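User: I would like to go through a structure with you. Could you take my questions as they come?

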Amino acid sequence: MGINRHRALKVAKEDILRAIIEFQTDSIEEIRQELETPESITRAIDQLVTEGLVCLSERSVRLTPAGEEAAGVIVTRHRAIEDYFRHEVDCEEAHRIAHRLEHVIIEEVVYSLKRIRELENKGSPLSGDEWGEGLITRVDIADSQLFDRLISMGICPGQWVRTIKRIHGGLIILLGNTQLAVGWEIASQIEVMFP
Amino acid sequence: MTANPGKKTLKVMLVGQPNVGKSCLLNALVGPCVTISNYPGTTVETTQAKREIGETSFIFVDSPGTYSLSDRSEDERATKHALLSNDMDVAVIVLDACSLERGLYFALQVIESGVKTVIAMNFIEDAVEKGITIEYDRLGRLLRVPVVPFNPFTKRGLDDLIDEIRNASRFRSATIDVLYDDHIESVISMLIEEGLDTSLPTRFVALRILEEDKDFLHLVNKTTMIRIKDNIGKDCLLITEDIARMRYGTASFLAAQGTKIIHRETRKKEVIDSLRIDRWLLHRFWGPALTLLFFLALFYTLLVVGGTIQCLLMTVSESLIALILADGGFLTQILIDGLTGVTAGVAMALPYVFLFYIILGLTEDIGLLPRFVVNVQRTLRFFHIPERGFISLMLGLGCTVPAVTSTRIMRQRDQQVRLVFLYAFVPCSSRLGIILGVVAYYGGNGLVLPLFATLGLAALFWLLIMKTLSKDELDPILLELPAYRRPMISNVAHKSWLRMREFVVVVIPLLILGGVIYSFIDQLGGTVVLIGPFAFVTEGLLGLPAETIIPILFGFVQKDLTGAMLVSVLGGDVAAAMTPLQLFTFGVVTSIGIPCIIVVPAMLKEIGWKNTFIILVTTSLFSLVVASTAWRIALLFGFM
């Protein structure tokens, strides 16, 4: 259970930092309403103070310069996730997902999400004429088992792929150190952006 | 699980993606007992090996390589079932340090299943060379699963691995939970609330259901599923993809967190070399040409080298038997006939089977097989055979029994049955023994080509019939091509010996038994009874001496008896008793069809009695038709 409490505390801390910026507030009471676990607010604020991210005075909190920086990161992360999911679900739902994911997702993933969203419609099928090394932007396979197989072989959005040569019925690609023979049916469902 | 008081037994399963070195690890842990190949999918069945270490007796179970828990063939399914059965104490996930992300993807799936796990990291030296330093402790902390680097050849890390397996078996600690998107998490909760009837972790089962795993779908009824899908609206269409994507994202994250310094540009040297070689070997024209050349060279080597060894063995064994032939009593005669069976069978089969397995071992170890698959896939697909069937067919050149077992890798039952049909035309080494060791040996090497051509034509005819009958869609090509590597002679020799041993252990007793039974019947005058009624087949249909029915029939017991019995019934000098044309017809009729009864159990197991029966009857009749037709055509052209 120690792990859960640790996580709850981390979530509370990040929520506090974000709430201060997003709602331009310093009232602890207002912040408390924003929290998923209001009971952990005291401990969370205590820790934030020890880490030098906020200053506490009476019933209000203020961000220190280091705190502002940390909060900035969280807000960017939140926005990136919200942005990503706005294409899939409505705004409110996207906000809710972002609210939840921002605590668990790490910078690299946020960065990839942003990149993938930016790139998603810019790729062209791997079966096309373009050749060389490119970034996989989309894997669009309906068969869920086949999809899982491709992912487990490393064919996943965000991965680099190099086209090697054509063979009858498909082509040879290189992903990292893995060489694969892929049929046209599959290759046409994989979108790649060649720089 | 305790076998005897004070002694603990631990059942440890080695799992991992193809070609990560599970079998290598097993060999390193318990000594040589598993076949290692540079080809994904060598292990079709699980292999077990036992070893006592200190107070614990370990049972290590090797499993066929599995890309992910979403199984796509029977062998992968078997791995999943074994892994998830309560029978296993600990699962060791073997990862390739050079392909960490995809390995971790699979590892996360296994960890989600709640099995007690230890991660064993292979190819660490390669990774270091590539510029990747893995922080095992950090990765282990993130996953909350011990990560142990090992090298199966230097035995580095094996003791640590054993310790960690022991620790892991004692208690299950909390491991990493992959957190999925909110909509997925909410569906997972919904499914869990439905009350899934399972002994496995409900979260894992819920995920398997959402990933449309057929083994778990029955745990929820359809209406519930529809209700849940309605609840989440259009997102449900993407749910399977999102799960895989998030899991892969987590795997990438873990790989990035657990790794220091990545030089993206440095590829493994072997990979670069492989690409250079593949420029020729996967060339659109040269690739298939070189593959064909390889097989021609293979048969030529068998003919020349195998023939030489056979000649040597025959001379030695004949002179040995001549030594005991002093008196001709009833029992001595039976003994002699038994011995003749063995020696002739061994001399005719062993050189070919031995050579073939050595060459097969070399091609596997170097990594040539998957390239051959790429080169022949177009032809195979024309006949509606999935490309992965090629490996099974090639195994058939050794012995049909393991080849039939290996057809399990086919994804569809129809495809599997069709593949088993084809073994009627893929000459196993025993049948190669007849072609090269009997027909060519006594009738001249010039008979080999027409004989193979006849077999080829018969196979073509059959393939075309099957092509028109098959309606199922073929899977798109998806095949991993591992980097070439220098063959390890000890590995090849060991592997050939393992395959040979199976052959020797089954075949030699059958040869003795067949020889003795024949002699017994012959001494009591029984063979004459057999020869008469079948004369219409041998003499009428095939133009063969009536006695040849004995070797043909005994061939069904064990194909290597065919040659041995032929020598017995014709009294040693086959060349004088049969014309080249007769030898040719004899070769055709004995080499088409399912070779012998030792294949039948494997067939029953893989494709059921009905299909087995159909295959046995149709291919046997077909062999008679082809041989008879070939004989008549040859007569028309004036051959004798």
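User: What percentage of the 640 residues in chain B do buried residues make up?

Analyst: This is a predicted model. In chain B, 48% of the 640 residues are buried.

User: How many helices and strands are there in chain B?

Analyst: Chain B contains 28 helices and nine strands. Its radius of gyration is 28 Å, close to the 26 Å given by the globule rule for 640 residues, so chain B is as compact as a globular protein of that length. Along the principal axes, the C-alpha atoms of chain B fill a box of roughly 80 × 55 × 50 Å.

User: Of the contacts in chain B between residues at least 6 apart in sequence, what percentage join residues at least 24 apart?

Analyst: The figure is 75%.

User: Turning to helix 2 of chain B, which residues are buried there?

Analyst: Helix 2 of chain B spans residues 74-84, and its buried residues are Asp75(B), Glu76(B), Thr79(B), Lys80(B), Leu83(B) and Leu84(B). They cover an arc of only 165° around the axis, which puts them on the same side of helix 2 of chain B.

User: Which residues touch the most other members in the largest nonpolar core?

Analyst: That core has 192 residues, and those touching the most other members are Val92(B), Val118(B), Ile119(B), Ala120(B), Met121(B) and Val439(B). Helix 14 of chain B, residues 330-366, gives the most to this core, with 13 residues. Apart from this core lies another, of 17 residues, including Val11(A), Ala44(A), Val54(A) and Ala71(A).

User: What does Val118(B) touch, leaving out residues up to four places away in sequence?

Analyst: Val118(B) touches Val90(B), Val92(B), Val145(B), Pro146(B), Val148(B), Leu161(B), Glu164(B), Ile165(B) and Ala168(B).

User: How many bridges link strand 6 and strand 7 of chain A?

Analyst: Strand 6 (residues 170-175) and strand 7 (residues 178-183) of chain A pair in the antiparallel sense over six bridges. Ile172(A) has Ala181(A), in strand 7 of chain A, as its bridge partner.

Note on methods. Residues numbered from 1 in each chain as written. Chains lettered and ligands numbered in written order. Predicted model: local features only at pLDDT ≥ 70, side-chain atom pairs only at ≥ 80, totals over all residues. Helix = DSSP H or I, 4+ residues; strand = E, 2+ residues; numbered from the N terminus. Rg over C-alpha atoms; globule rule 2.2 N^0.38 Å. Buried ≥ 20, exposed ≤ 12 C-beta atoms within 10 Å, placed from the backbone. Contact = placed C-beta atoms within 7 Å. Pairing = 2+ DSSP bridges. Arc of directions from axis to C-beta. Core = buried A, V, L, I, M, F, W, Y, C linked by C-beta atoms within 7 Å.
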